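Below is a set of questions and answers about one protein model.

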Amino acid sequence: DAEGWMYTEDGFELRPIGDTMEIYASGEQFHETRPPVIAAFQALTSRVPVTKVLCDVRLAAYILDPTELEMRARTTARALAGYRTALVCLADQHELMERTAGNIRSQGGTVELFSSKGAAREWLSGKDDCRSDAKAVSAF
């Protein structure tokens with residue numbers, strides 16, 4: 001059982017909680033062909049059975065040009081497409097997260113954007129009564 005541990009590297013933290021892998025990104029995030037957070041996520045999920053992902057990027061600053069932004073969205077989507085995914089972001093991160101969500105959906109994945117971790121956890125747990133605060137995020 002992986003409960004109670006976390007994997008931390010400069011710029012991100014991975015924490016399995018029940019059937020959910022929680023990912024926290026922080027600091028400046030620059031373009032990388034294979035971002036370390038994606039490599040760590042793929043390595044850990046090959047050993048830790050999770051079906052859901054909560055990705056909180058509110059403490060991250062993405063320093064990416066438009067091409068790099070699209071590449072990051074696609075790379076992230078490929079890694080997350082097989083999971084029920086909640087993306088938690090701030091208004092100024094909405095473009096990258098919406099592109100990522102669009103890529104996840106195009107690969108058959110389930111994803112929503114949220115402005116709070118509480119609402120994201122509620123949606124992941126299925127206790128949202130078919131309600132999503134994605135509409136509130138879209139109003140950014």
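Q: How do the residues of the lining of the largest cavity divide into nonpolar, polar and charged?
A: This is a predicted model, in which local features need pLDDT of at least 70, side-chain atom pairs count only at pLDDT 80 or more, and totals for chains, interfaces and linings use all residues. Residues are numbered from 1 along each chain as its sequence is written, and side-chain values use heavy atoms, with hydrogens and water left out. Ala, Val, Leu, Ile, Met, Phe, Trp, Tyr, Cys and Pro count as nonpolar, Asp, Glu, Lys and Arg as charged, and the others, Gly among them, as polar. On that scheme the lining of the largest cavity has 13 nonpolar, four polar and one charged.

Q: What volume does the largest cavity have?
A: On a 1 Å grid over the protein atoms alone, a cavity is a set of points where a 1.4 Å probe fits but cannot get out; a pocket is an open set with protein on both sides within 12 Å along at least five of seven lines, and lining residues have an atom within 4 Å of a point. Points are joined across faces, edges and corners, and a volume is the space filled by probe spheres set on them. The whole structure has one cavity of 30 Å³ or more. The space in the largest cavity is about 190 Å³.

Q: Which element gives the largest share of the lining of the largest cavity?
A: Helices (H or I, at least four residues) and strands (E, at least two) are DSSP runs, numbered from the N terminus. The lining has 18 residues, with Val37, Ile38, Cys55, Tyr62 and Thr76 nearest the centre of the cavity. Two or more lining residues come from each of strand E3 (20–30), helix H1 (36–45), strand E4 (52–63), helix H2 (66–80) and helix H3 (94–106). The largest share, four residues, is that of H2.

Q: Is threonine 76 buried or exposed?
A: Threonine 76 is placed in helix H2, and its side chain reaches the backbone oxygen of arginine 72 at 2.8 Å. Beyond its neighbours within four places in sequence, threonine 76 is in contact (heavy atoms within 4.5 Å) with Ile38 and Thr100. Buried means under 20% relative accessible area, exposed over 50%, and partly exposed in between, with a 1.4 Å probe and protein chains only. Because its relative accessibility is 14%, threonine 76 counts as buried.

Q: Which residues touch the most other members of the largest nonpolar core?
A: A nonpolar core is a set of buried Ala, Val, Leu, Ile, Met, Phe, Trp, Tyr and Cys residues joined through side-chain atoms within 4.5 Å. The largest core has 31 residues, and those touching the most other members are Leu14, Ile23, Phe41 and Leu87.

Q: Which element gives the most to the lining of the largest pocket?
A: The largest pocket has a volume of about 160 Å³. Its lining has five nonpolar, three polar and four charged residues. At least two lining residues come from each of E3 and H1. The most, four residues, come from E3.

Q: Is proline 49 buried or exposed?
A: Proline 49 is placed in the loop between H1 and E4. Because its relative accessible area is 72%, proline 49 is exposed.

Note on methods: Polar contact = N/O pair within 3.5 Å; in protein donor to acceptor, adjacent residues only side chain to side chain.
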